[in-house]
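Open the model in your viewer and follow the stops below.

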Amino acid sequence: MSKFLQKLDKLVDKIPEGFGHARATAIGILNPNRRHDDPEEKRADMIRSEIMSGHRFHSFADERSENFVKWHIDGHDYMWAVSEMLDKAREAIFIMDWWLTPELYLRRPPAKYPEWRIDRILKRKAEQGVKVYVIVYKEITQTMSMSSHHTKVRLDALHPNVACMRHPDHIGSKDDVEFWSHHEKVVVVDNHYACIGGLDLCFGRWDTHNHPLADVHPTDPFDTLFPGQDYNNARIMDFVNVPNYVSNGLSSVESARMPWHDVHMTLTGTVVLDIVQHFTERWNEIKKRKYRNDERFDWLALPHDIEASPNEAVARHPHRERWHEVGRKFKEHFHHHRHGDQPAEHDGEYPIARGSCRVQAVRSVSDWSHGTLTEQSIQNAYIELIQNSEHFIYIENQFFISNTIEEGPVKNLVAKALVERIIRAGTEGKKFRVVVVIPEVPGFAGQVKDDTSVKTIMAAQYRTMNRGGHSIYEEVRKAGYEPSDYIRFFHLRAYDRINAPWDSYIRKIEEQSGIPYHQLNVALSRLWVGNRMNPDDPKDVSVSIPTGQSSTEQSMSGAKPVLKAETYPLPESVEEAQEIVDRWERVAREVRSDEQVADNVVQHMLHDRTSLLDEKWLGTEEEERNAYVSELLYIHSKVMIVDDRRVIMGSANLNDRSQKGDGDSEICLVVEDMDMIESSMDGEPYQAGRFAATLRRKLYREHLGLIPPQDCDSQPDSFMHAAPHPNDDETTQDEDRKVADPICDETMDLWQNTARTNREIFTEIFRPVPTNLIRSWKDYENYVPKVMTGHVVPDIPLARVKDRLSLVRGALVECPMDFLIDEKDFVEGADWIGLNPTLPIYI
């Protein structure tokens with residue numbers, strides 16, 4: 001420590017104790033590299049650097065062969081797989097998450113699977129002797145509402161075998177972190193099975209391929225899929241008072257939920273040990289900083305069997321021997337010595353599933369997040385995969401913020417790699433296509449016309465895409481090529497119908513049963529709580545009361561509803577609550593038979609056996625028209641597929657926060673399947689990797705409406721089981737063949753025509769923003785409809801609404817590239833010349 005810091009220490013010792021936090025903060029600011037300035041720390045950094053220099057992408061981990069990796073699309077499939085994986089844990093569970101909701105149901109509907117809530121699963125496993133280690137991001141409570149404090153308190157109370165850490169601290173610590181978050185979404189079971197991808201185990205993420213916007217079930221409330229706070233639309237309001245998980249301020253009778261699209265992986269194979277290494281390093285670093293003397297939090301040892309694999313880079317890990325001495329060690333099951341006639345890879349309870357995937361872990365970490373010098377192997381991987389692409393790139397991501405030049409506030413150069421690859425294709429006269437799918441609007445409340453994060457992020461994305469001086473489109477045009485011939489951008493959007501005809505049905509049930517609708521929701525809330533496990537379980541519930549009124553505050557698709565919530569005590573017992581629900585159901589069926597009326601119609605966007613035009617409605621025509629709603633289908637995926645052969649997937653967004661290394665902490669996997677399948681590329685025979693090709697085709701089919709609707713009541717299919725259970729082979733299906741060749745004219749026409757038609761229909765019926773019809777702020781003011789958010793615009797007859805929506809196929813819509821194109825100040829000004837110190841928070 002420098003003499004200056006020694007003097008500072010002595011000075012601060014004289015300051016009243018209340019200023020101790022300031023002391024710690026000052027030390028952290030004045031010496032940010034204090035963990036890397038003594039000889040031992042420098043030696044550790046040198047060893048890590050040597051290890052990384054020998055690995056592709058300059059990663060901490062090497063490539064691993066023979067891994068079994070499978071993809072899961074959307075929360076319904078992935079979370080079922082996670083529930084299976086957790087249920088078979090025998091020794092240890094590691095979880096690392098940006099947000100973890102203990103009360104999240106991994107199987108649904110919740111009424112059918114009450115025991116498959118995360119807290120109940122972990123409690124069950126802990127009582128069986130399984131050790132559970134959880135790391136969650138400690139949010140800035142003034143700006144974020146997920147309550148990691150509740151997560152920690154809830155999990156720590158389950159059992160002594162469960163330990164939950166929160167990190168980082170924000171104020172009054174040497175390790176003050178104001179902007180960045182731990183963003184990984186990792187689960188590891190018994191050092192043998194793992195999950196990596198984009199799905200947090202928290203509210204708002206579970207969803208089916210149907211992506212329903214509505215969840216009202218008048219005759220059978222137990223069909224509810226999104227209980228309490230899980231019925232959410234962040235475009236209207238953020239989560240409030242998360243510890244009371246059964247409450248909700250958003251009325252499901254009036255407002256659509258925001259559907260959620262995502263992808264994740266489950267896997268087994270030696271790459272799991274690299275994921276375990278990442279978790280162990282993080283756990284021990286946080287223990288050293290925050291929990292050094294707390295015996296509840298073990299030190300962890302790396303599980304690697306160095307005798308069986310002496311040439312592994314981890315054998316040189318600077319802390320391996322020390323952690324081996326002090327840390328709790330859980331076995332690994334991939335390397336075993338021979339004992340007599342027993343095969344080297346035999347393990348009765350942990351069979352080795354030899355897969356066909358070559359996999360490498362890459363990450364974004366730095367001193368604040370991991371106690372290491374900065375590693376940005378994720379960005380390195382993205383850039384190199386783009387540079388080495390031959391035919392085609394498909395990107396799904398929550399954000400798309402990058403730079404084509406090495407100047408300006410945005411630092412990552414993924415866009416530069418795309419521009420160079422496109423120009424090379426143009427120069428060589430070869431066909432090359434890039435398809436990018438991102439959300440219509442960032443998933444935060446607010447309008448683009450206001451100075452909010454929504455405006456800043458959208459401006460940054462349009463600066464990346466087609467304006468601002470050095471966007472992808474502008475750079476490609478400078479080289480003499482038409483950018484839309486090579487790269488195009490798309491969004492996802494859905495519609496549904498809320499089955500809540502108030503005057504003609506709901507009100508009559510209330511009158512005849514003596515149960516107000518909100519009291520039904522109170523009773524359901526008591527059933528979601530169940531037999532109280534913890535003293536802090538909710539005793540009352542805040543329920544939304546539909547008002548039928550719009551506020552003066554506008555969203556990007558209409559006026560926000562007037563939100564009204566009232567608080568009621570929960571019934572004393574589960575039995576009392578059950579009696580209320582039973583009485584409601586009985587009266588609902590007596591009032592009228594509602595079996596012919598579907599609680600959702602979103603399934604008709606997919607390859608359904610019937611049409612929207614076949615749907616019945618027993619309320620009034622006005623009630624049905626008012627029941628139709630639309631909302632963006634939020635894309636939270638973090639995946640890139642290259643040439644139907646290579647995939648990078650994980651937690652990293654395409655923005656500086658995720659890509660720079662010293663921002664958010666992230667982990668991804670680069671997957672290349674050696675199992676090749678017969679395919680085609682631009683009409684020519686082509687060998688595609690099974691993992692990449694089948695994932696890309698299934699995503700295309702979902703977005704184009706070429707898959708059947710997903711029924712939660714059906715038996716689990718192959719896509720819901722965790723690795724090493726393989727996904728069914730769908731490559732022989734006619735719908736799969738339609739999208740097998742990603743760059744042939746037929747597939748591109750199908751993709752682009754579907755997106756254009758869907759966009760035209762949604763624009764006519766709902767007028768969502770953004771749109772090419774808004775070129776200026778003046779256009780914006782005149783365009784946003786004077787209706788409640790997401791509802792049908794005025795003066796369109798019901799018959800027209802149904803006729804047009806019946807033609808929607810899938811959720812794919814064009815990205816409006818000319819949105820606010822005439823407003824130069826939208827993408828120019830002080831923010832973009834380095835004069836806004838808070839800009840890195842958003843980009």
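**Stop by stop**

Select Ser-147 to begin. At 15% relative accessibility, Ser-147 counts as buried, because buried means under 20%. This model is predicted. Ser-147 sits in the loop between β3 (131-137) and α6 (148-156). Check its backbone: phi is near 55°, a positive value in a residue other than glycine.

Jump to Asp-644. Its phi is also near 55°, again positive in a residue other than glycine. Find Asp-644 in the loop between β20 (638-642) and β21 (646-650). With 1% relative accessibility, Asp-644 counts as buried.

Now zoom out to the protein chain. It has 24 helices and 25 strands. Its radius of gyration is 27 Å, close to the 28 Å that the globule rule gives for 843 residues, so the chain is as compact as a globular protein of that length. Of the 843 residues, 63% count as buried.

Select helix α10, residues 377-387. Eight of its eleven residues are buried, so the helix is largely enclosed by the rest of the structure. Among them are Ser-377, Tyr-382 and Leu-385.

Next, look for cis peptide bonds. One joins Arg-108 and Pro-109, with omega about 5°. Pro-109 is in the loop between β2 (92-97) and α5 (118-127). Another runs from Ala-723 to Pro-724, with omega near 15°. Pro-724 belongs to the loop between α19 (690-704) and α20 (734-738).

Select Glu-572, Glu-576, Glu-579 and Asp-582: they form a negative patch. Glu-576 lies in helix α16 (residues 574-591). Glu-576 counts as partly exposed, at 37% relative accessibility.

Conventions
Residues are numbered from 1 along each chain as its sequence is written. This is a predicted model: local features need pLDDT of at least 70, side-chain atom pairs count only at pLDDT 80 or more; totals for chains, interfaces and linings use all residues. Side-chain values use heavy atoms; hydrogens and water are left out. Patches are made of residues with over 30% relative accessible area and no salt bridge: like charges are joined within 9 Å, nonpolar side chains (Val, Leu, Ile, Met, Phe, Trp, Tyr) within 5 Å. Accessible areas come from the Shrake-Rupley method with a 1.4 Å probe; for residues, only the protein chains shown count as cover. A salt bridge is a side-chain nitrogen of Lys or Arg within 4 Å of a carboxyl oxygen of Asp or Glu. Lys and Arg count as positive and Asp and Glu as negative; His and the chain ends are not counted. The place of a charge is taken as NZ of Lys, CZ of Arg, CG of Asp or CD of Glu. Helices (H or I, at least four residues) and strands (E, at least two) are DSSP runs, numbered from the N terminus. Buried means under 20% relative accessible area, exposed over 50%, partly exposed in between (1.4 Å probe, protein chains only). The radius of gyration is taken over C-alpha atoms; the globule rule is 2.2 Å times the number of residues to the power 0.38.
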